[in-house]
Amino acid sequence: MKKFAKVLVIVLAVLALAVGIVWYVYLRPVPPPISDADRARLEMMPLPANLKFTSGEFVIPRQWSVQYEAVRTSRLNDALDRFFMRMTRRTQTNFSTNSGPVLVIHCDQESSPYPTLPEDESYSFSVTNNQIRLQAANERGVLHGLITLEQLVRQRGTSWVIPAVELEDHPRYPWRGLMIDVCRHWIPKEVILRNLDAMARVKLNVLHLHLSDYQGFRVESKQFPKLHALGSSGNYYTQEDIREMINYAADRGIRIVPEFDLPGHCSSWLVGYPEMASAPGPYSTDSLIGILNPVFDPTREEVYQFLDGFISEMSGLFPDSILHIGGDEVNPHDWNENPSIQQFIAKHQLKDSHGLQAYFNQRMQVILASHGKRMMGWDEILHPDLPASGIIIQPWRDPKALWAAARQGYDGVLSNGYYLDYKQPAGKHYQVDPEVIPGAVTIEIDSNNWKRWKMAITFQDNVMDGALYLFGQDQNLRGIIQSMGNTTSFTDPVWENNVLTFSSESSFGKIKYELTARDDSLTGSMRIALFSLPVQCERDAGSDRTDSDPLPLFEKIEPLTGDEVHHILGGEACMWTEMVSAQTLEGRIWPRMAAIAEKWWSPQSLTSDVGDMYRRLWLTEDDMIRQGLQSHSNQYDLIAGIAGKWTQSLQNLVDVLQEDLFFNRMAIYPQPYHVNMPLNRFVDAAMPESKVAYRFNQLARDYLSEPTDSLRQQIYSWLEQWMDVETRLETEAIDDPKLTEITPHVHHLAQLSRWAKAKLNQEPLEADPGQVSDLLLEASQPYGGTLLAVSEGLSILIQGPNGSGHE
């Protein structure tokens, strides 16, 4: 018996050891690349791939001893000069350098003159009490490392220090881009250069310039001078400007990718060269926003000869290996109305306008390849006849297009979910990940009980086709909406008195539908915030029809394989400028762009904490302003220009306002919207996301969770300031209709602040609950294209988190 017990103990011990080994090797949770404690000490964006603080700190001297190992280049010298310039702005200290081993820079090799795709951007450094040692494979890594090093600088009493640290860093994706539309509103070179500096600070590496559209052609062409002479209204970059921007970007590790939109969006091309069009001219640059008729004629050889000559010239000007041809939103109207083009489609068995565009894209891909360029385009260009290795797809309508392209072997760059002009908060962009597709079709498909309506959505003179599916009935009713290449399920349809209502999510925000049934038709509208478009649906299929088309196969998306994931190059945020000028551009891009940049650089495991992201985002914005970003100085000028003078009360008001979502903002103008409408209202001075509001709303939530005297005093100071705004504005007597349109915000801010203060003091409100609820509802509405962004926090203080009041 004793022998058996002894054997049993040995067996159990061996098993325990085996379990421990299995747990340690296979099941043990992987520690985060940055501990929570270390992360809480960081103020930078993006987060590095691996970081560990050690004991001690490096006290920054006035005189730095710098030593280069391996390679020393003029580009590295310039980068070091910029490092010390940034350090001076941060510390208000002038620095000098000599030779010595305090800052050691080890660069293995010189980089190519211009950044390439892909490229090794990794670096590492260690900081001890006596030395900083920065290592990188090439110059690009050193550029990133110097920026990270400067972002670690902190003040300790009268000294400036860098904490002792071990850091290794590299990007998650090789393509981390920002697209700036310089056509709808002209963006001068100086603004582009400032944005390149801001991009470098958050390790973005691609600036995509949208250089041609209906509204303007923005590059000098020496071979075809009528392009810029007649198509730009005098606003264009000379070729010397382009070279300066390219070199400036390259010195900061950034590629510049040009886009020339083809075959649609091309009015500015056709002003000077109408013979290239599908319909007779004359043409002019268009100020109207929409999908307009002008389009190249893809059936004529002269068009390809013209474009070949143009691409040849631009290939010599832009050194990057990628050239973007646009390819989005091609309106087939002029193709359909041209008998010669229709004959060409029939002769070449192209089926329809989509086939004709595919033919055009194939011809363009050959032309670009002959000039050493790889073709890139928006997701409309994806077609099996284009070589996978020869093109890059940029999905903007639906993130599923990125995965579809990857499965077919095409490289892709995601833009859906990263449209900065939609004015979504940074937190929403931060939750978008190229390797995660939210939504899609998530409902159960009932193949025995379904109905389909053919759907048409009208925008100006354009009709967008789609389909509406309903499954089940009564409490089990659910559906799918197909529009603009998107397929999205919804679970909230309601039939009541022949009216169908439901909503679906999109990158624009929530879309609400209200459709009235009459026989087999559904007629009504889709509403995106305050913007409404007419919808017409005709019943054409269903399980109750014997002659019906079969139900399409709606597949749930399977995860990508490892090889397929490698085709996801990264992402690119887009700043379209329909309602953005050179004066407002920086405030519309930054700081939200920094949150997106972190999503593409930092490990996926570090980019899920939205609260910590915001903590560092506002600090990053302060840093960018200190380094030269003009978002807030431009805001000051805008306020002064709108009201005739700048006052602190106006600034306090604008600080708590927030620009409304894209379509809400557009709705305040006479329709249809033109880009020549002046951008000189308070909505232009307001930011897309209010830092003051974010912090105040968080204060209110924190106070409700744990009411402390410190939080109470902070809230008090804000409330006192906002109660004073109304009185001071009345005293200042600013008589301007632009202020009148946001006056409701002034009244709501003052009254809600008084009520919130009364609640904090446990005093009764001079209003009944219905009046309070009514005013809070009014305060949540947009006025003059702006929202009162602190209404959430004020509501919490007045009514509690659930709107029911609190003690």
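pLDDT is the predictor's confidence in each residue, from 0 to 100. Across this protein the mean pLDDT is 92, with 94% of residues at 70 or more. We're looking at a predicted model, where local features need pLDDT of at least 70 and side-chain atom pairs count only at pLDDT 80 or more, while totals for chains, interfaces and linings use all residues. Residues are numbered from 1 along each chain as its sequence is written, and side-chain values use heavy atoms, with hydrogens and water left out.

**Helix 24 against helix 26**
- Helices here are DSSP runs (H or I, at least four residues) and strands likewise (E, at least two), numbered from the N terminus.
- The axes of helix 24 (residues 709–732) and helix 26 (residues 743–760) come within 8 Å and cross at roughly 145°; axes are lines fitted to C-alpha atoms, for helices over the stretch in contact, with angles from 0 to 180 degrees between N-to-C directions.
- Residues making the contact include Trp722 and Met723 of helix 24, and Leu749 and Arg754 of helix 26.

**Asp379**
- Asp379 sits in the loop between strand 15 (374–378) and strand 16 (391–394).
- Asp379 counts as buried because its relative accessibility is 7%, and buried means under 20% relative accessible area (1.4 Å probe, protein chains only).
- Beyond neighbours within four places in sequence, Asp379 touches Ile393, Gln394, Pro395, Trp396, Arg397 and Ala401.

Notes: Contact means heavy atoms within 4.5 Å. Buried means under 20% relative accessible area, exposed over 50%, partly exposed in between (1.4 Å probe, protein chains only).
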